[in-house]
Amino acid sequence: MAQALGPQLELGSLEPRKSVSDQKMAPRGVASVDPLAAAVGRQFTFVVENMRCGGCMRKVETALLGVAGTMSARVNLSTGRVGIVVDRSIKANSEPYIEALKSAGFTARELPSDEAVSNSLDEDLERRLAVAGFATMNIMLLSVAVWSGAGGDMEKSLQTALHWLSAVIAIPAVAYAGVPFFASALAAIRARRINMDVPISLGVLLATGMSLYQTTQVSEQVYFDAAVSLLFFLLIGRVLDQKMRRQAKSAAENFLGLLSPATTIVHSDGATERIATSAVRPGMALIIAAGERVPVDAKVTRGRAEIDEALLTGETVPRQVLEGGSLYAGTINLGGPVEAVATAVEDNTLLAEIARLMQTAEQARGRYVRLADRAARLYAPAVHILGLATFIGWMWVGYTWEPALTAAIAVLIVTCPCALALAVPAVQVAAIGRLFKRGIVVKAPDGLERLSEVDTIVLDKTGTLTLGEPELVPGDDVSDDVLAKAAALAANSRHPYARAVVKAAYARGLTVVPVAGVEEIAGSGLRASLDGSEVKLGSPAFCDLAALANETGTGGAGEEASLWLRHGHARPTAFRFIDPLRSDASTVVARLIQLGYAVELLSGDRTAIVAATAKASGITQWRAEVRPDEKTHRLDELKAEGRKVLMVGDGLNDAPALASAHASIAPATAADISQTASDVIFQGSKLSPLIETLAVAKASQRAALGNFAISIGYNVIFVPLAVMGIVTPIIAAIAMSLSSITVTANAIWLGHKRLKDAT
Amino acid sequence: MTALAWLIPAALALGALGLVAFMWALRTGQYDDLDGAAWRALDDDPVSPKKGPRDGEQ
């Protein structure tokens with residue numbers, strides 16, 4: 001620990017933000033390499049794109065360590081970042097490291113080193129949770145011994161000794177673990193408001209104080225366990241909440257890291273200058289070179305861009321942007337250089353907008369949680385008045401202050417909103433956990449609530465019903481020989497069509513030997529020389545066969561596009577591609593219809609293709625060639641009919657629809673913007689998560705309502721008994737724990753039970 | 001009864017040990033990169049710095 005602390009003290013505020021999760025002890029990620037390095041070096045943090053496996057991790061670290069002056073490099077795969085420590089004597093900036101990563105095949109971007117504080121809060125909560133958990137378990141251990149010995153053979157002195165022991169554990173634990181609640185309650189009272197933390201704090205403090213007093217009086221009415229376990233359960237909820245927000249924040253930061261730092265602008269006299277992207281203003285003329293990332297949102301003024309919008313749309317096939325077309329910051333220009341005029345910069349770009357959405361997404365709260373908060377405003381004063389009234393009532397009837405206070409504390413403990421506070425979060429955590437194991441991520445906090453109300457499902461085609469990955473049309477008359485030749489060329493490219501060709505070759509059991517000296521012309525195709533003559537694989541125009549392509553007539557249903565192979569003067573061969581349906585698309589659609597959902601298909605694709613897809617998947621309601629705004633329009637129509645619509649889609653064109661639908665789901669392959677707009681994201685090549693999600697959403701709402709009923713019913717029964725003094729604080733504490741356990745058990749059961757709707 | 005005199009401290013000490021272990025794990029960032037740690041277990045030898053450039057390694 002001393003090792004880790006040392007460098008931190010020395011670095012102080014210089015310490016860059018390594019990752020959201022470990023900035024507090026920034027050097028620790030590298031401490032295992034060389035603890036001293038962190039103390040003497042400068043640190044940089046980079047966001048690295050497409051770093052998804054152990055191999056990439058190793059390549060990134062090796063590449064960075066290959067740069068002179070690097071003392072250590074350590075990848076954090078979970079956050080997609082790498083932190084390095086550089087010898088201070090070398091006046092390095094981040095450029096050589098980014099270059100090194102580039103030559104290793106990774107695009108990286110430095111993260112700014114400000115905001116080095118925010119994370120301390122998370123770990124702080126985790127430590128308090130650990131202390132509360134330790135105290136709860138040990139005090140429970142002692143309490144169980146006391147309870148089972150009470151009134152039996154346990155000596156009074158031993159009982160008191162155990163009580164004192166509990167006090168010794170509980171008091172420091174409450175003082176430490178309760179701070180977040182006490183602080184929040186205090187802040188609320190200062191602002192003359194009352195929140196849920198006020199009765200919690202009061203209950204915990206009174207229970208602890210009274211228990212301490214009763215211990216000194218050698219009484220049996222001791223309930224340290226109640227106070228500590230209450231804190232423990234509540235802290236679990238807070239920690240989970242923080243964790244979700246932290247992930248969202250880190251994702252948003254990584255996302256913004258993709259903006260390019262410098263931009264080439266054109267002055268009115270035609271001279272070009274490279275300036276920082278942050279200095280670009282709307283209306284400036286820009287040049288975006290081939291292979292460069294678009295720095296700001298812009299409109300093309302001259303040239304034809306070939307844009308890889310995978311970042312925004314998830315679409316792997318580059319999009320052609322002609323003069324007047326829009327370019328979005330963060331996308332990559334694969335074609336030749338284009339001239340453009342900036343339309344939106346910095347915080348106004350689509351990319352920044354998305355990042356902002358991601359950041360705020362987790363901060364919204366579920367409707368039931370909001371309901372609980374609102375209830376707390378009424379509930380908390382009611383609890384206090386009830387407790388006070390009990391105390392005064394008992395005094396008035398003629399009892400001494402001791403039984404009066406005991407009854408009042410029993411009321412406070414019984415009414416302690418523990419079960420009520422747990423009712424919804426416990427169910428949400430269980431449901432989200434269950435879905436997470438199936439590769440389904442629930443992003444919106446109230447997503448499950450809204451999903452459970454859905455009665456109509458609107459699906460997109462490409463990437464949703466289909467896989468969104470082109471595949472060679474099976475059974476086409478491409479000979480093994482030709483396919484092998486095409487694959488040999490295609491193996492050099494990462495274009496989706498090229499990959500499909502290689503995949504098809506492997507599927508036929510052909511050996512693919514990549515040809516050397518292949519030249520890739522962005523947006524056109526691949527060229528190489530083989531056996532003395534030129535081989536071309538690419539678009540019809542690229543293969544000089546525009547005329548021939550028309551002759552052959554390519555327009556079969558389901559066909560996505562085509563690629564041609566031309567070897568010397570031999571007859572060129574066409575490769576046709578389709579976008580195959582997800583393997584379980586038709587069964588899932590059938591099941592959804594059987595469950596009573598109305599299913600509809602809205603696609604921007606050509607009519608013939610959409611009709612074929614609808615037929616294959618068993619959807620009777622479909623529309624083709626729908627523009628994004630028409631999708632939204634159709635959703636509004638359905639809304640007007642009183643339907644609750646679930647939108648399932650993946651592309652940029654679905655994003656507005658996803659955002660405007662009652663609930664939305666996107667596959668993990670979807671455009672980032674669509675993922676941001678949707679409530680739920682699912683992984684994998686199957687569509688069945690859709691059914692599971694809907695089933696769990698419905699079950700979780702039933703369980704949440706059940707939990708509300710349990711906790712309210714429990715209060716209705718026990719509060720009058722506590723007021724009358726029939727329930728002592730210890731029974732109240734046991735009953736309270738039981739109600740919390742019932743509520744939690746109900747939630748856990750949801751995580752495991754078989755749902756009849758789910759397949 | 002005298003057994004309790006050492007059983008209870010022993011139980012508490014073991015509990016405290018667990019607590020300290022967790023605090024240590026949290027502090028040293030053992031939970032920071034759960035995905036990466038799974039992969040690192042497969043690496044035989046850690047890469048060390050200053051071995052000269054190894055560009056283009058794919």
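**View 1. Cover over the buried residues of helix α21(A) in the predicted model.** The elements that cover the buried residues of α21(A) include strands β15 (456–459) and β22 (598–602) of chain A. Helices α17 (461–465), α22 (607–617) and α26 (689–723) of chain A are also among them. The helix itself spans residues 585–594, and its buried residues are Ala585(A), Val588(A), Val589(A), Arg591(A) and Leu592(A). Seen down the axis of α21(A), these residues fall within an arc of 160°, so they line one face of the helix. The face turned away from this buried side carries Thr587(A) and Gln594(A), which are exposed. After α21(A) comes Gly596(A), with a positive phi near 100°.

View 2. A polar atom of the Thr136(A) side chain lies 2.6 Å from the backbone oxygen of Ala132(A). Leaving aside residues up to four places away in sequence, Thr136(A) touches Val228(A), Ser229(A) and Phe232(A).

**View 3. A nonpolar patch on the surface.** The patch is formed by Val144(A), Trp147(A), Ile734(A), Leu738(A) and Ile741(A), which together have about 430 Å² of accessible area. Helices α6 and α27 (729–752) of chain A each give two or more residues to the patch. The most comes from α27(A), with three residues. Ile734(A) sits in helix α27 of chain A. With a relative accessible area of 33%, Ile734(A) is partly exposed.

Technical notes:
Residues are numbered from 1 along each chain as its sequence is written. Chains are lettered from A and ligands numbered from 1 in the order in which they are written. This is a predicted model: local features need pLDDT of at least 70, side-chain atom pairs count only at pLDDT 80 or more; totals for chains, interfaces and linings use all residues. Side-chain values use heavy atoms; hydrogens and water are left out. A polar contact is a pair of N or O atoms within 3.5 Å; within protein, one must be able to donate a hydrogen and the other to accept it, and residues adjacent in sequence count only if both atoms are side-chain atoms. Contact means heavy atoms within 4.5 Å. Buried means under 20% relative accessible area, exposed over 50%, partly exposed in between (1.4 Å probe, protein chains only). Helices (H or I, at least four residues) and strands (E, at least two) are DSSP runs, numbered from the N terminus. The arc is that of the directions from the helix axis to the C-beta atoms. Patches are made of residues with over 30% relative accessible area and no salt bridge: like charges are joined within 9 Å, nonpolar side chains (Val, Leu, Ile, Met, Phe, Trp, Tyr) within 5 Å. Accessible areas come from the Shrake-Rupley method with a 1.4 Å probe; for residues, only the protein chains shown count as cover. A salt bridge is a side-chain nitrogen of Lys or Arg within 4 Å of a carboxyl oxygen of Asp or Glu.
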